[in-house]
Amino acid sequence: MRSTRVLTGITTTGTPHLGNYVGAIRPAIEASRNPNTDGFFFLADYHALIKCDDPARIERSRLEIAATWLAAGLDTERVTFYRQSDIPEVSELNWLLTCVTAKGQMNRAHAYKASTDANEAAGEDLDHGVTMGLFCYPILMAADILLFNPHLVPVGRDQIQHIEMARDVAARFNHLFGAGKELFVLPEAHIEEHVATLPGLDGRKMSKSYDNTIPLFEGGPKGLKDAVARIVTNSLLPGEPKDPDCHLVTIYEAFASAEQAKQFRADLVAGLGWGDAKKQLVELIEAHVGPMRERYAELMAHPERIEELLQAGAAKARATATPFIQELREAVGLRRMVAIAQPAAKAAKTKVALPLFKQYRLADGLFYFNFSDANGRLLLESQGFAQGKEAGQWIGQLKREASIPADAPLQLAEGISAAEVVAALQALQAE
Ligand code: TRP
């Protein structure tokens, strides 16, 4: 069976929380174990630079996020795990794509629009604080994707527009340079429909911007316990029956077996106290996260091991990327000069001299031009112009029209007919 190539990028900003784990990391790692998929996972650290100019934070986030994915069980033997910034072909493709991307399309990209909208609301200049990195963000993302020709790109809903832009630019590139061949596979966004978003402490979606997160590893077992203690419940006392349709149960269910979940719900209905319920929740999460946290700590203590894995991943990725970018360079015309195999006759023709316009200025301060044929025989001379621009405009018109307008301020050279001049102009046009 042919395997499906699946590629996704992980922006290396922030510190992962339990919601990231349940909503993104865990499902991606599970999917990567499917023997029919060929997974490409990378740390989008070039993208991280768009939002952060603090080198220490950039460095730390990359390390933490790499360690998180490895500790959570990403199998680097099975998938290709690398850093975007270790693949020079990404920035090379980024430029090739930039040159065929319409600026108008980028004007409509959500991330950029959000900034200009916020600026408009604040009465600022529309582009206030907008870097070209932010503006061109979707092109870099298209380069990440198209360089490896994946079929599927698992992303959150907020990224769908970016995948569509990648498809558009891929189609345009194929059309312009493919010569009938599909250089790029058109990627499809893959949205995990069945993955629930984990609620946070207050019942809204768990998110750093709501300040309602439960840390994944940060703060150790105590950090976990303290966060769970802050989960909002009601004031029902132990012994009173509780409604099990609440966010505490949803969080529990994200880690529980069907059996455990059923029991937990029954216990709450039977009057399990919130304090005990939270204790059980901490134990359940800890049973999952505890062993990962240990692996995480071990990896964080040995960054050189992560570095080594990522270097090996980059080598694996470049085994695909290097020959492919070569093919793309060829396609756009960036070729080795020796590779041009011209028929001899044509090569000779390129050496033949052409009719030539020359512009010059004389001691009278005026601007002139003349025109001579391929053998250097003078065909005509202009009158003097006050502005060099006027001479240029007459040359432009002569070249375009390959005829001599009646009012043209010039004289034919001695013994030259208008027909000879026209022939020379036509020869120039044919080139
Ligand atoms: N922009 C994505 C995000 O914020 C991360 C990303 C960068 C990405 N390049 C990618 C995702 C390529 C998928 C494919 O989530």
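This dialogue goes through how to read a few features of a predicted model.

User: What should I know about the model and its numbering before reading it?

Analyst: This is a predicted model, in which local features need pLDDT of at least 70, side-chain atom pairs count only at pLDDT 80 or more, and totals for chains, interfaces and linings use all residues. Residues are numbered from 1 along each chain as its sequence is written, and side-chain values use heavy atoms, with hydrogens and water left out.

User: Which side chains have polar atoms facing a nitrogen atom of the ligand, and at what distance?

Analyst: A polar contact is a pair of N or O atoms within 3.5 Å; within protein, one must be able to donate a hydrogen and the other to accept it, and residues adjacent in sequence count only if both atoms are side-chain atoms. For Y137, a side-chain N or O atom is 2.6 Å from a ligand nitrogen. The distance from a polar side-chain atom to a ligand nitrogen is 2.7 Å for D144 and 3.0 Å for Q159. The protein covers 87% of the 370 Å² of accessible area that the ligand has on its own (Shrake-Rupley method, 1.4 Å probe; for residues, only the protein chains shown count as cover).

User: Is E89 buried or exposed?

Analyst: Buried means under 20% relative accessible area, exposed over 50%, and partly exposed in between (1.4 Å probe, protein chains only). E89 counts as buried because its relative accessibility is 3%. Its side chain makes polar contacts with those of R318, at 3.0 Å, and T322, at 2.8 Å.

User: Why does the span of helix α9 agree with its number of residues?

Analyst: The expected span is 1.5 Å times one less than the number of residues. Helices are DSSP runs (H or I, at least four residues), numbered from the N terminus. Helix α9 (residues 160-177) has 18 residues and should span 26 Å; its end C-alpha atoms are 26 Å apart, so the two agree. Among the buried residues of α9 are I163, M165, V169 and F173. After α9 comes A179, with a positive phi near 45°.

Key. Helix = DSSP H or I, 4+ residues; strand = E, 2+ residues; numbered from the N terminus.
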